[in-house]
Amino acid sequence: MNDSVFHRIYDSYHQDLFQFLIYLVQNRQVAEDLTQEVYIRVLRSYDSFQGNSSEKTWLFSIAKNVAIDHFRKQNVRKKRVFDSFDWEAIQLTSPDMRPEQVVQLDEEKSQLLHYLNSCTGDQKMVIVLRYFQQLSIQETATALGWTESKVKTTQHRAIANLKRFMSNVREGEMIYDK
């Protein structure tokens, strides 16, 4: 991989890639480290990139795997025993977000991120890729290594969960206001 290709990829996708990782780990420093790891993997494996998907989809696939590795390592460190990593059962949350970072987010975005953390890891990744990164269903499926049907089903369930969480809060606010 020559420098001009790397710089083009970096300039084109760095912001989207970083945002994807920060939504997943909710820690700027960790997201920066993971972004660096993504680019290291890109440098190592660009020659094997076959072009079956777009470069952006390929990068998000690498970023997803880097995030999985991060959460696995984090899980192992906490438990000291690693049985298995079940994306449906374990939520992708990081308790490392500092209070001042939460305050900086506008209230609506903060609420959405809070409720997004209540979703499963699969649901969280689909919502981030589909709505924050604006990938198509096909691109999301390719990035996650899933079928389009699984992306659609996971997206539907995530939206249903988010609606349920947000409506419960609104109902609670309305009751509280009365």
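A nonpolar core is a set of buried Ala, Val, Leu, Ile, Met, Phe, Trp, Tyr and Cys residues joined through side-chain atoms within 4.5 Å. The views below show a predicted model.

**View 1. The largest nonpolar core and the residues with the most partners in it.** This core holds 47 residues, and Phe20, Leu21, Val38 and Leu59 are the ones that touch the most other members. At least two residues each come from α1 (3–25), α2 (28–45), α3 (55–79), α5 (107–116), α6, α7 and α8 (148–177), and the largest share, 11 residues, is supplied by α1. For Leu59, the contacts beyond its neighbours within four places in sequence are with Ile9, Tyr13, Leu17, Val38 and Val42.

**View 2. Gln133 in the loop between α6 and α7.** Gln133 is placed in the loop that runs between α6 (121–132) and α7 (137–144), and this residue counts as buried because its relative accessibility is 3%, where the cut-off for buried is under 20%. A polar atom of the Gln133 side chain lies 3.1 Å from the backbone oxygen of Asp16. When neighbours within four places in sequence are left aside, Gln133 is in contact with Asp16, Gln19, Phe20, Tyr23, Lys56, Phe60 and Val128.

**View 3. The salt bridge between Lys56 and Asp16.** The side chains of these two residues, both of which are also contacts of Gln133, meet with an N to O distance of 3.3 Å. Lys56 belongs to helix α3 and Asp16 to helix α1, so that the pair links distant parts of the chain, 40 residues apart. With a relative accessibility of 19%, Lys56 counts as buried, whereas Asp16, at 24%, counts as partly exposed.

**View 4. The salt bridge between Glu55 and Arg8.** In this pair, the closest N and O atoms are 2.8 Å apart. Because Glu55 lies in helix α3 and Arg8 in helix α1, the pair ties together parts that are 47 residues apart in sequence. Glu55 is buried, with a relative accessible area of 13%, while Arg8 counts as partly exposed at 38% relative accessibility.

**View 5. A network of salt bridges formed by Glu37, Arg41 and Asp69.** A search of the whole structure finds 5 salt bridges.

How values were computed. Residues numbered from 1 in each chain as written. Predicted model: local features only at pLDDT ≥ 70, side-chain atom pairs only at ≥ 80, totals over all residues. Heavy atoms only, no water. Helix = DSSP H or I, 4+ residues; strand = E, 2+ residues; numbered from the N terminus. Buried < 20%, exposed > 50% of the residue type's maximum accessible area, 1.4 Å probe, protein only. Polar contact = N/O pair within 3.5 Å; in protein donor to acceptor, adjacent residues only side chain to side chain. Contact = heavy atoms within 4.5 Å. Salt bridge = Lys/Arg side-chain N within 4 Å of Asp/Glu carboxyl O.
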